[in-house]
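Welcome, and thank you for stopping by.

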Amino acid sequence: MKSKQRQAVPGSCPAPIDRRTFFSQVGDGLQGAALATLLGADLLGPDALLAASSRQVYDLQRQQPHFEPRATSVIQLFMNGGPSQVDLLDPKPALEKFAGQPPSRDLASEIRAVREAGGLMPSPFKFSKRGESGIEVSEVMPHLAEQVDDITVIRSMFTPHIAHESSLFVMHSGRMFPGRPSLGAWVVYGLGTENRNLPAYVVLDDPKGLPINDIQNWQAGFLPAVYQGTRVRSEGSPLLNLHPREEWPNPVVKLSRSLLRHLDRNHLSRHPDEAELEARIAGYELAARMQLAASDALDVSGESEATKEMYGLNDELTASYGKRCLMARRLVERGVRLVQIYIEGQIWDNHSALVKNLGYACGKTDRPAAALLKDLKLRGLLDRTLVVWGGEFGRLPIAQQPASGEVGRDHGPSGFSVWLAGGGVKGGTVYGATDDIGYKAADKPVSVHDLHATILHLLGMNHRQLIFEREGRSERLTDEFPARIVQDIIA
Amino acid sequence: MGREHRVLNFQGSFYGLGGGRLFLAWIGIVLLYLPVRGAQSPGFETDVLPIFQQHCLQCHSDQARQGGLSLETLESVLAGGDSGAVVVAHNPLESRLLVLINSGGMPMGGPPLEAAAIDLVRRWIEAGMPGKTADTPVPAAAPPVREREVMAAVLGAKCLPCHGRRRQEAGLDLRTREGLLKGGKSGPAIVPGRPEESLLVKRIRAQEMPPPQLQEQFSVRGLTSDEFDKVQAWIAAGAPPDPEKPPEAGPGRDSTAASMDRQFWSFQPPRRPVEPGVRGKDRIRNPVDAFLLARLGTEGLGFSPPADRLALMRRAYLDLAGLPPSPEEIRSYLADSDPRAYERLVDRLLESPHYGERWARYWLDAVGYADSEGGVSSDEIRPHAFRYRDYVIRSLNADKPYDRFLIEQIAGDELFDYKAVESYSPDQLDLLVATGFLRMGPDSTYSTEQNNLPERLDVVATQIEILSSSTMGLTLACARCHDHKFDPLSQRDYYQLSAILRTAYDPYDWLSPSMGCIGVGANCNETNTRLLPLPSDGELREVEEYNAPFKRKIAELERQLEEKARPLRKQLLEEKMAVLPESLRQDLKEASQATPEERTPVQEYLLGKFAETLEVTRAEILQKFTDFAEASKEIEQQIKDEKKKLKDKPRIRALFDMGGRPTPTRILGRGEYTNPGDQVLPGVPAVLNGELMPYRVEKPEWSTETTGRRLALAKWLTQPDHPLTARVMVNRIWQHHFGVGLVSTPGNFGSTGARPSHPGLLDWLAREFVDGGWSLKSLHRLIMTSTAYRQTSSAGGLSLERDPDNRLVSRFPLRRLDADALRDSILKVSGRLDPTRYGPADELEIKPDGEVIAKESPDGYRRSIYVRQRRSQPLSLLESFDAPLLVPNCLKRPHSTVSSQALQLENSELVRLSARHMAGRVIDAVGEDPSRQIERVYLLALTRPPTAEESAKAQEVLRQLTREWKRHLEVEVPAEPVASQAEWLALASLCHTFLNSAEFLYVN
């Protein structure tokens, strides 16, 4: 079995390269002395290389996938809080019939706020068949409804835990606890990036605040830090320390940089064979290039008025999320491998005032998300960009009646919906189903591991072969869990 | 509803573990889509056994029996393994064997089975698992429900908070079958054979138990229909007891395999090898050199020339203190003409209090130290963890023998009768604080939402992982769900170790890790948290004094709130009293208005009797008067904010024996509590038991209830001949000095770990360490005074050619400062290092752009080890320079070179401000003379004076910088003197460049 494990010797390396060429190609993210090995091969011949073949290089160099990929980039619209499937994408007329009835024993055993639990509650929103495919969509997602022929709705997702933290960890890394690498980290570990002047894995978090589990959602875990998600702010300086708080006069910056180069070259001349030192010098050069590239990629001011309008940039409600969706398009356009967009607090966590709060969450995101699909399609990017929409779980079909306030819904991990679009995914398709009342995945259940394996598959990677060796253990995103590719949703 | 989808019920199965029912569910779906081929059903011997022989018997033969399973004969297949049955006749969906091979989970490590083979096994199961041919089917029968499935997996998980060790509501104890039969106030809980008459079944059926209103508070859920069915089926069958063998002490069935496995190098006790005789004796300062030279000689290599005197000084300082020397220290060292000046320098550094601060960091990495709990979004602060950090620093500075250091940390509470002591001596206090060792992993169970059995088992697993990797270099955590794939570590070994911890960490009788517990009904107090009181008057007084102003503020806010509530309270009281008879109303009114002193006995009686009516709670008022609720929101928020400022009473974050009889420890199939297997006794990994004194528990004879289980472990672990304890520690010390250990996988000394590069040296060091009284400082001295350590790092061609990765130590490695040393060094050279030691961790500050820095004190910033280490908010500078995420621990920090590091050093406020401070200190020290300034900068940042050429170059740049800054400052008509300002800023820019330079960042 050929595993996609980084080797110190890239098999495809055609001819020895000189150092300068090498460093101009490598740029970012070298792991320790690893590089010495690569250079050693040029300087000292293959024997030296073999002697040190256990060393590995970790960088963001573009890597060959296992097989022909359907998607080369991913945009994940993370709907933190847990959007209610029975009010959005999974209509359940039976709830009308059973309205007010107490839940079954099994459902009851999964209720979180037991004392606030009410009876079965039909959706306050109307569903109608939309598009040529006739997929039923709730009235609170009017814009997505326009694009419904481009998406696959998976209605049979499930996760194992009722708490946000645990389920967020599962959704991101496959395990209930912190410390495992996130999906995004695995993807850039496996594929590298197409644009070395931008971070490979970008996180666009909401200026109003980090989601639950905050930065742990995009951590690299035991993978090298170079694969961690990079937080890019949509307001102010996009990257941490991309610019100093107070700029020095230009000539001072120039003098300082030239002195630094001088000092470092001198130091290098005393340690001529320490490749890491050269990598560090390259790192400073890349940092300078990044200052330009990142600013350009994230500047949406040059977009046409029509585009801005489409993303809702002129409307206060949609402007913030719209801007991040538009940034995401600009980033994948420039070769960024994976972009995750998060949203303020837990706006889908509608324990109370379902009508108002779910309405707000949809109002804020529906139009920008649909615009992103439309825009990607228009520019021919949708074919190679996989868009994934969903939260950490769904909600229960029963009412939650808080001590004060209006009725809402509690967490429901056993059955919920996500949608995918582009990047080799069928359009206008519904996959799987929950039971009659929308509580539990019933037909063709899809686990988070299945979803992860499917996303890797669309990116041209076999989840069983994307391996990282550490301390004698072969680690994988799907770990020892069974995971299947959901073939039926692939076009 | 519910019932028809039973196959999907995955209650009790968690991704934290192995899937269980959850994956049966989807496999089921997959299987439904497999085409059914061939009418002739396959037989075991003819069709199935050959497949097993090819793919499975390597691990699952009668001999090997991994996981207690043999697939060699039909009988053994039907008998199943440690996790129960592997095949269920006519039911492929429930047959674990098929599920595993279908998912690729088996064969472990081998290639997956082909589709045709899987299909054959499936058809064989569908046919009822016939033997030779299709016409001898095995009768299918549902396996009977066993006692343990009901007691441990269902009742144990749902009932024990109220009917367990601490409480027996209604006199009912549900921990044992006997308890069920005996029952409580209302009679026996079960009637064997008659589920419908059993009180237990009735109460569960009515969904009265577990009581819905208490479920959240106690982190339990109602029974699923599957679980309920199990309970009923077991009672219906007469509630039979498990025909369970008493648990075997010791290695059990692994003993035969173990004798062979013990031959592996790291499971053999280290023996002192003979020091090799080599040529080049002039370069041998101690035996370390002899071992290294012997190996180098075989490659035609020798040591590189000695490092320059100041390079060695800088190396020793950064290694032992984590800080560069000051110009004054450099001068006095250069002036020291004693031939043993370097040796004396090493001694001085080992005596410096900075030594403990530097080396405690490595130990804290190894034990996964953090100042927050993790796992839950609130990431609760651990206000008391710092005591453990301080204990480690003090112990290292005192050169506490390593065996003693381990014993205290594993079982300090079992070393003296701590409950019988009125106040602790400092040493006794240390013993309790030391047990914080096994309290450092992430622990989410302070949230009632994440305090279920699986999360509790995760906490235990984390501690076992930390304990086994940090002290023994074993990857024992793998054996939680299955026997270790590659090492002779069985599930039994894992659960025996967890039985040692059981008296302190009992998943069925859990203590909250923190006073700051959260969630519905969360109620932490002294009786249910894993904290011990700190009986120190001084500290208590300090905290009270600190809290006093906040408490006053809170009282004032409460008073304001009450003022607003009073009229409403009166109104509500009248409404509530309105339902009482008129006469009574008058009496009650008078009684309630009288002060306690004035009350007559009759009035007292009345008040007691109608207490509920008379008491109008804030909650009632809030519910009734929404206007009030709205108006009081702000004050309530203020109260909350003020309460957050209160410091908790001083306590010890300790691990202690809870006394009494712990629940039995069982092997859990796939690591899930829903799969309870055989009971095990406390014990240690069988493979290590060969020549050691066995693990033996002796209960200490004193009043404090403690079993002595951990003390026995500590003593077993610190035997002089233990194959791993000394080797693992010696190896890590070597690793921190040379960048790579003699075993390059410090947390894995097993078969998948690396082999030692110098086995003789490793063993010699281990023996020397133990025989010399486990002194870490002696070990440092030995290593650092060797010729090997004193080599230069700029080596010539031969060393690079024949020893490219320096595994043979033919030169000293060039190493980047690790995150902590880098930050501390920047602070030190800029004069911003606050030298205050010990005490609560420094708080963090998050800048608007997301940068996390420490809060500044009047004296600057303290060393990184004293900064709050919060899991969700790592210090930005440390994070980008590879400070590890401690999940759960880290024995070797990763090392990356990424552009975000360049951005940090170039642009972060911390480095820019430090450069200005540094320039200021330089001017203060040497005045305006540029050449003296440059010399000072070189000494401060690089521990050496500049060469004439370097000085000239730097002075030239400084002149240009001054000119540019002056020009910049003169753009607007200046109000202040420009020349001196420009000179300072220019020097600051220059210092900034030096703080960015490779020579500052790397140790030669």
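Helices are DSSP runs of H or I with at least four residues, and they are numbered from the N terminus. This is a predicted model, where local features need pLDDT of at least 70, side-chain atom pairs count only at pLDDT 80 or more, and totals for chains, interfaces and linings use all residues. Residues are numbered from 1 along each chain as its sequence is written, while chains are lettered from A and ligands numbered from 1 in the order in which they are written.

**Around B:Val543**
- B:Val543 sits in helix α23 of chain B, which covers residues 537-577.
- B:Val543 counts as partly exposed because it has 15 C-beta neighbours inside 10 Å (buried takes 20 or more other C-beta atoms within 10 Å, exposed 12 or fewer, partly exposed lies in between, with C-beta atoms placed from the backbone).
- Leaving aside residues up to four places away in sequence, B:Val543 touches B:Lys647, B:Lys649 and B:Pro650; a contact puts C-beta atoms, placed from the backbone, within 7 Å.
- B:Asp648 is 105 residues from B:Val543 in sequence, yet their C-alpha atoms are 7.6 Å apart.

**Helix α14 of chain B**
- Helix α14 (residues 309-320) of chain B has 12 residues and spans 17 Å from first C-alpha to last, close to the expected 16 Å, which is 1.5 Å times one less than its number of residues.
- In α14(B), 10 of the 12 residues are buried, among them B:Met313, B:Arg314 and B:Tyr317.
- After α14(B) comes B:Gly322, with a positive phi near 75°.

Terms used:
Helices (H or I, at least four residues) and strands (E, at least two) are DSSP runs, numbered from the N terminus. Two residues are in contact if their C-beta atoms, placed from the backbone, lie within 7 Å.
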